[in-house]
Amino acid sequence: MRHWNQFLGVCLLSACIAGCTNEEFVNPAERAEPTTRAAAEDYPTSGLNGMFGFAAVSNVTTGGTGGEIVYVYNETQLSTQLSGSDKRIVVIAANISSSGKTQINLGSNKSIIGSYAAHTLHNIYLRATSSTENMIFQNLTFSHDASINDNDDIQLYLHYGRGYWIDHCTFSGHSYDTNGSDLDKLLYIGGEKADYITISQCKFMNHRYGLILGYPDDGYQETHDAYPRLSMFNNYFDNVYTRAPGLMRYGHFHIKNNYVYHFHLGFTIAQNARIYSEGNYFEAGNYSGNILDDKANGSFTDVGSYPTVNGQNSPKTSFNPADSYSGYRVETPEYARSFAKSWAGSQSSSSAWVFGY
């Protein structure tokens, strides 16, 4: 695991090799594309190092740590290895693509990790079920055709279960018209009380709509209030027109040291959202750059973001993430901007596998 410090200009390195055994060897004839065994084995092995925030509370998120390591090369293998509840580290060893939207249901207790050589899932849509929990997603690139753009077309859809860590993933999006009809989003977390989640070192790009967090409709506070508990650290939002970092309802959201560039609306504060923002950097780019879209029915506090956050209609929040977990530190907005531009998203070499604070 690497931590990066802009001001000292040094990287602190500590390596953690996952203590997993029993690799499954796949018949080369079944591979979707040629990939050498050495390349397939070259994937991030930092394990649980670098995870903090709500996903790390009470060891709720361990993914497939300690389980079998398997390598997948096509859609069929991916679907098979993500099913069930056995602990498993599933390594994406070849780019996997479908000609149209293909949904794969998630099991539980899995780490899905892209190799450095190949880690793209194109038109592959991963979706939780009522039995899904304890999942890690690392070093993946999610891409999809621009024609797949309905309201429910979301490549990572987590609406059940506890314990999710989404780390060093790129959601590449597609070209869009700001006045167009696209309704698809990059990521959804909420639904039936998905909880204890951290999103870190990810890159969200090129989309009319970004993230939806919390149950997606007003009027459900009696059944969905306080969910999810979600941390968002060291992420990069680039050319996401609205909902960057997200439309938030009901839950507790800790949004720290993220960089948002080229946007129209940032936070959309909706019903009962409790948002604690600190050290984020917002840069309008060619759009209007409104940091707050405040519906006046949530609560929000910002500490030290750039520029100063104005236009708040909701009261300050009583939620403070320090009451839920410790061990993190807040860097400056300038750190957030520089870190995200250098290290956020999926990576193609171990030298670029860096964690922020």
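In the predicted model, strand 10 (residues 154-158) and strand 13 pair in the parallel sense over four bridges, where strands are DSSP runs of E of at least two residues, numbered from the N terminus, and two strands pair if DSSP finds at least two bridges between them. Tyr 157 has Tyr 188 of strand 13 as its bridge partner. Strand 13 is also joined by three bridges to strand 16 (residues 211-213), again running parallel, and Ile 189 stands opposite Leu 213 of strand 16. Five of the five residues of strand 13 (residues 185-189) are buried, that is, under 20% relative accessible area with a 1.4 Å probe and protein chains only.

Strand 10 and strand 13 each supply at least two residues to the lining of the second largest pocket, in which about 160 Å³ of space lies. A pocket is here an open set of points on a 1 Å grid over the protein atoms alone, where a 1.4 Å probe fits, with protein on both sides within 12 Å along at least five of seven lines, and lining residues have an atom within 4 Å of a point; the volume is the space filled by probe spheres set on the points, which are joined across faces, edges and corners. Among the lining residues are Tyr 157, Lys 185, Tyr 188 and Arg 243.

Residues are numbered from 1 along each chain as its sequence is written. Local features need pLDDT of at least 70, side-chain atom pairs count only at pLDDT 80 or more, totals for chains, interfaces and linings use all residues, and side-chain values use heavy atoms, with hydrogens and water left out.

Technical notes:
Buried means under 20% relative accessible area, exposed over 50%, partly exposed in between (1.4 Å probe, protein chains only).
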